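Welcome! Let's take a friendly walk through a few spots in this protein chain, looking at its loops and then its surface.

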Amino acid sequence: MTTINAGDTAWVLIASTLVLMMTPALAFFYGGMVRKKNILSTLNLSFIIMSLLSVQWVLYGYSLVFGSNFGGIIGGLNFLGLSGVGASPNAAYAPTIPHLAFAAFQMMFAIITPALITGAFVERVRFKTFLVFSLLWATLVYDPVAHWVWGTGGVLRQLGALDFAGGTVVHITAGFSALAFAMVIGARKGFGASAFEPHNIPYSVLGAGLLWVGWFGFNGGSALAANGVAVNAVVTTNTAAAASGLVWMLLSWRDDRPSVLGIITGAVVGLVAVTPAAGYVTPLSALAIGAIAAPISYYAIRLRQRFNLDESLDVWACHGMGGTWGALATGLFATKAVNDAGANGLFYGNPAQFLIQLVTVVVVVIFAFGVTSMVAKLLNRFMGLRVSASEEQVGLDISEHGERAYA
Amino acid sequence: MAKKIEAVIREEKLNDVKEALRQIGIVGLNVTEVRGHGRQGGICLAGRTGTYQVDLLPKVQVNIVLSDHNVERTIEAIQQAAQTGVQGDGIIFIYPVEDVIRIRTGERGRQALTYMGDIDTRQPATQAAPK
């Protein structure tokens, strides 16, 4: 039975809008943390992804993820150019909304994921190479992994992996790809010699606030209906963000003073961690997921610093490790009492689910890290990943875009 | 004949210093925002995790050109108003000035440095400037 429900459709359209807003929000979250000579460049790395990935998604991205399944690995070409994706529902994915609404909602996820990675290589990446990288990455990493986890017949979906809104598909892929890319491109000039001070923390606060709001669409919309699961996802999302922000504040306070940049980072990490779990766990479980996510990412940043790695804005620590914890936590806290389309986790008598989540995490981490590493190395050889030393010193706003942010 | 005082002070002390200068009758001054460090070498700021060191701190530089015989009293006023006793109070530089020209009138030297009701044209010095 596939009849369109107006309430469901309206909610998914609103949710799509909210998720689209997250990419410019991310641009400001990141933009505040760089030096002022690179603010336009940093904003643009996210903004241009909205253009680039929207085109990719319509032309072939959607089809590679949600087209007819090929061996569990990749979608077919039957939805190229969104052909056949229209007003009537696709029962396999969302039986009560137009198929095109589902495709549009999913497009926003395909956009924000490569934008997340940009935090790894801000202030030094060559723009031309970045464009090629993002297109290759979306095609070679995001599209397959999204198919594995969300596509009908995808291997990880067949295995029983739970990923409500993209803890694995979005955050683990972005986080570990960021790590791989940072290792190839190398540190910014002067990294470690003196601190790179964030030039506009209010931008970051603005960005984080809008991310929090947008995340209601990200997770709530992933119910693909205006129902109890959507409401649960919105409440768990908010709860995890709140708990993680509080715990991060305490950690930061213990080490010095309650840093505002720390508090907002904590909230974002909580949002990341609850993403795979939002529609499968109770609000109280979300509280625990958020509270535990904060120290995991906090000390992951410390670890990254100890290795002297310039993964500049800590995409790995926040999204990679937050997403990993969230995916595993889903295997602990999931309960069919919240969502009978889900599964029970370890704490609800089903240890197998935790193992499934663990396997999923390991597979996706290795795949995302490995493919990104390879792509980055090849691009480095043939195009060059970074600008010249003098271009980097001048700043990418001038050297790559010929503009200055503040006259 | 004239000296220039450059007093690099804490941002938050600017109003106190301005008031102290007004009280002794220093009328002409300008202010620039500067960044720098001295013996203190900077401060620690809170980051995402833990702290990081910042070496250049924002300061305010008060620039005054005045007659030689007013220099000591002015220094004293600035020092009293700007001092907290904690590192980072700043520093005062004094330079010789070759000449001064007031653009509106073309007056030069000592004349260009004299204002109605300033330190040299009034007594007693501690009263507020007359209208």
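Predicted model: local features only at pLDDT ≥ 70, side-chain atom pairs only at ≥ 80, totals over all residues.

Asn308(A) is not a glycine, yet its phi is positive, at about 60°.

Is Asn308(A) buried or exposed? Its relative accessible area is 56%, and Asn308(A) counts as exposed because that value lies over the cut-off of 50%.

Now turn to Leu224(A), a residue of the loop that links helix 7 (201–220) and helix 8 (228–255) of chain A. Leu224(A) also has a positive phi of about 60° without being a glycine.

Here the relative accessible area is 14%. Leu224(A) is therefore buried, as the value falls under 20%.

## A nonpolar patch on the surface

Which residues form the nonpolar patch on the surface? They are Val132(A), Leu136(A), Leu140(A), Leu378(A), Phe382(A) and Met383(A), and together they have about 520 Å² of accessible area. Helix 4 (127–150) and helix 12 (351–382) of chain A each provide at least two of the patch residues. The largest share, three residues, belongs to helix 4 of chain A.

Met383(A) has its place in the loop between helix 12 and helix 13 (389–394) of chain A. With a relative accessibility of 32%, Met383(A) is partly exposed, because this class covers values between the 20% and 50% cut-offs.

Technical notes: Residues numbered from 1 in each chain as written. Chains lettered and ligands numbered in written order. Heavy atoms only, no water. Helix = DSSP H or I, 4+ residues; strand = E, 2+ residues; numbered from the N terminus. Buried < 20%, exposed > 50% of the residue type's maximum accessible area, 1.4 Å probe, protein only. Patch = residues over 30% accessible without salt bridge, like charges linked within 9 Å, V, L, I, M, F, W, Y side chains within 5 Å. Areas by Shrake-Rupley, 256 points an atom, 1.4 Å probe, with all protein chains shown as cover. Salt bridge = Lys/Arg side-chain N within 4 Å of Asp/Glu carboxyl O.
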